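Here is my note on the model, point by point. Please keep the structure open while you read.

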Amino acid sequence: MSTYGRALVLGGGGVTGVAWEIGLLHGLDQCGVDLSLADTVIGTSAGAAVAAQLTGRTPLADIYAAQLDNGSGEIPARIGAGHLVRFMVASAWPGDRRHGRAWLGRAALRAGTISEAERRAVIERRVPDRRWPDRRLLVTAVDTETGVDVVFDADSGVPLIDAVAASCAVPLTWPPVTINGRRYMDGGVRSIANVDLATGHSRVVVIAPASSALRRSDRPRTQAEALGVPHIVVTPDATARAAIGPNMLDPTRRPAAARAGHDQAASIADQVRTVWS
C-alpha cells in the first residue's frame, strides 16, 4: 500500500550529472511534466545537489540557466584508476557490506584532498537556498568509520548544506564532511541512486546519470523493478553520454551536459507523463 504518494529519485553522477539532471528536469517541465511536484524527493551525490535546488525557491528556469554559465566556481577533478579499483573492492566486499564501505571510508579519511571549507564553498554556490523544504527531501550519505548508510532529512537537525556536501563527498577525491563530530562520504557508496528508499510510494521516476554497478541489486533499474509500482528509469541517451564525456567531474562539460539533458526531455516526456500522472 502506498504511504507517500509520488517519488522522484535523483542519482549520482558528478558535476556533469548535476547539469544533465537539471537540463532534463527543465526540459520535462517545458513539456508539461513537472517533477518538482513530487511528494518525496530522494537525492544521492549529484542528485542531492539537484534535489536541494529543485525543492528550493529558485525557479527551475534560473537553475538551468546557471548550468550554462562557464563561470561555475566548480573545482576540476578526476576519479583515477586507483580510485575505481577501491570502489570496486568496496562494492564487491563479501559478507556484511558495511565493512567494505568502512574500508573505503578509512582510505577517504587518509586521502590528500582540498579542505572541507573549500569544498563546502562549492556546494554553497550550487545550493543558494539553505533551508530544508516543506516537502519530504531525503539526502543519502555513508559514515566513513562504520560504513553505515544514513538518510538526512528536515528532522535530522543537520543543515541542508552539510547534508548535501556529505552526499557529494566522493571518497578519495573530495574530503569527508564533518557533521556532529562524525565524518561522512558520498551516498553513492551505498548505491548510485538508492532507489530502494522509494519503497512505499505509488509512482516513482528515477533520473540516473550513472546506472552501472557490479552488483545487479545495486542498479537503479533492478531496484525500481523491485518496488512493484509504476516507474521509469531515465538515463542519458547517446548524445547526452557524449556531452557528459568520460570524466563526470569535469566542469567544462557542464553547459553541454545541461543542453543535452534539456534536448533529451522531449523524447521521453510522454513515457514519464504516463508514470507520473
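1. Which helices each supply at least two residues of the lining of the second largest pocket? They are helix H3 (60–67) and helix H6 (116–126). Helices here are DSSP runs of H or I, at least four residues long, numbered from the N terminus.

2. This is a predicted model: local features need pLDDT of at least 70, side-chain atom pairs count only at pLDDT 80 or more, and totals for chains, interfaces and linings use all residues. Residues are numbered from 1 along each chain as its sequence is written, and side-chain values use heavy atoms, without hydrogens and water.

3. The second largest pocket has a volume of about 200 Å³. It is lined by 15 residues, and Gln53, Ala66, Gln67, Arg125 and Arg126 are the closest to its centre. (A pocket is an open set of points on a 1 Å grid over the protein atoms alone, where a 1.4 Å probe fits, with protein on both sides within 12 Å along at least five of seven lines; lining residues have an atom within 4 Å of a point.) H3 gives the most to this lining, with 4 residues.

4. The largest pocket has a volume of about 950 Å³. Of its 33 lining residues, Ile79, Leu84, Phe87, Ile192 and Ser212 are closest to the centre. Helix H4 (81–91) supplies the largest share, 5 residues. Helix H5 (97–110) supplies at least two. Volume means the space filled by probe spheres set on the points, which are joined across faces, edges and corners.

5. Now the classes. The lining of the largest pocket has 16 nonpolar, 10 polar and 7 charged residues. Nonpolar covers Ala, Val, Leu, Ile, Met, Phe, Trp, Tyr, Cys and Pro; charged covers Asp, Glu, Lys and Arg; the others, Gly among them, are polar.
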